[in-house]
Amino acid sequence: MDNKKSDTLRQREKAQRDLLELKKMQAGQIDPAILNDDDKKIVPKTLEEKADNFFYHHKTKLIIFGFLAVVLSVLIVSCATKTKYDATVVLYCYEYIDPETVKETGKFFEELHNDTNGNGKVDVLATDCSFSKDTELTDVVSTQQMKIQSLLINSEALLYILDDESLPYLNSISKDFNLFTEENIVKLDEDFYKTLSDGRIGLSDEKTHYLCLRTIDNTTIEGKAKKNYQDALAVLEAVKAK
């Protein structure tokens, strides 16, 4: 009976020593190379010991894999939820236009535009490049000017809302052709303004604004903008018909 108790006690003590050596080895306090003796080799026995041992040897890979998994998940969710716009309507007037009015402008054109990308719904992005000529914020003017330049090479940005000053300015940037020809310019009337909120800042009906369809012939976007151009032209004709 005493021998059995002694054997059990010895086994427990050995298990405790093995666990202590395992933890010391994981902490770098023991060189695994010196444990060549079969009696000194540490073999994880319990599930907890095996988990600790696995993480110790593979922690770098696990951390990298976990980080990549998080990044991939974010990208997948972002792509799945990102709005795919059928068109971009550019507002470029010499006046400040408040963000809510910009958003309402996009909604106005969603009622007229086709489902260009074929996803079962129409989404039109209204993007504002406008600024007041009286502003002293040169950074704002510079940012808006750079923005309009980038949109002029965007095959989805074919419709522009311009005023009596911005229209001739854009038509003057090229000596070879007019960006906006007379047949592709229509004055916006009450049907447009009444869809916007009262008390808005910018796009007042007391000022003249035009819906303009830009030229794509003999430009860098001609090839990839053909489908978008046909749908944008249909919008222009619909505004003319009102």
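Predicted model: local features only at pLDDT ≥ 70, side-chain atom pairs only at ≥ 80, totals over all residues.
Local features need pLDDT of at least 70 and side-chain atom pairs count only at pLDDT 80 or more, while totals for chains, interfaces and linings use all residues. Residues are numbered from 1 along each chain as its sequence is written, and side-chain values use heavy atoms, with hydrogens and water left out. Helices (H or I, at least four residues) and strands (E, at least two) are DSSP runs, numbered from the N terminus.

**Cavity**

- A search of the whole structure finds one cavity of 30 Å³ or more; a cavity is a set of points on a 1 Å grid over the protein atoms alone where a 1.4 Å probe fits but cannot get out.
- The largest cavity holds about 40 Å³ of space, a volume being the space filled by probe spheres set on the points, which are joined across faces, edges and corners.
- Its lining (residues with an atom within 4 Å of a point) consists of Asp86, Ala87, Thr88, His113, Glu156, Leu158, Leu159, Asn228 and Ala232.
- Two or more residues of this lining come from each of β1 (87–92) and α7 (226–241).
- By class, the lining has four nonpolar, three polar and two charged residues; Ala, Val, Leu, Ile, Met, Phe, Trp, Tyr, Cys and Pro count as nonpolar, Asp, Glu, Lys and Arg as charged, and the others, Gly among them, as polar.

**Nonpolar cores**

- A nonpolar core is a set of buried Ala, Val, Leu, Ile, Met, Phe, Trp, Tyr and Cys residues joined through side-chain atoms within 4.5 Å; buried means under 20% relative accessible area (1.4 Å probe, protein chains only).
- The largest nonpolar core has 29 residues, and Phe109, Ile161, Phe192 and Leu211 have the most contacts inside it.
- Two or more residues of this core come from each of β1, α3 (99–110), β2 (124–128), β3 (159–163), α6 (190–193), β5 (209–213) and α7.
- The most, five residues, come from α7.
- Another core, of 17 residues, lies apart from it and includes Tyr94, Leu152, Tyr210 and Cys212.
- Not counting residues up to four places away in sequence, Phe192 contacts (heavy atoms within 4.5 Å) Thr105, Phe108, Ile161 and Leu203.

**Strand β3**

- Five of the five residues of β3 are buried, so β3 is largely enclosed by the rest of the structure.
- Leu159, Ile161 and Asp163 point one way from β3, and Tyr160 and Leu162 point the other way.
- β1 and β3 run parallel, joined by four bridges; strands pair if DSSP finds at least two bridges between them.
- Opposite Ile161 in β3 stands Leu91.
- β3 also pairs with β5, in the antiparallel sense, over five bridges, and Leu162 has Tyr210 in β5 as its bridge partner.

Terms used:
1 Å grid on protein atoms, 1.4 Å probe; cavity = no way out; pocket = protein on both sides within 12 Å on 5 of 7 lines; lining within 4 Å. Buried < 20%, exposed > 50% of the residue type's maximum accessible area, 1.4 Å probe, protein only.
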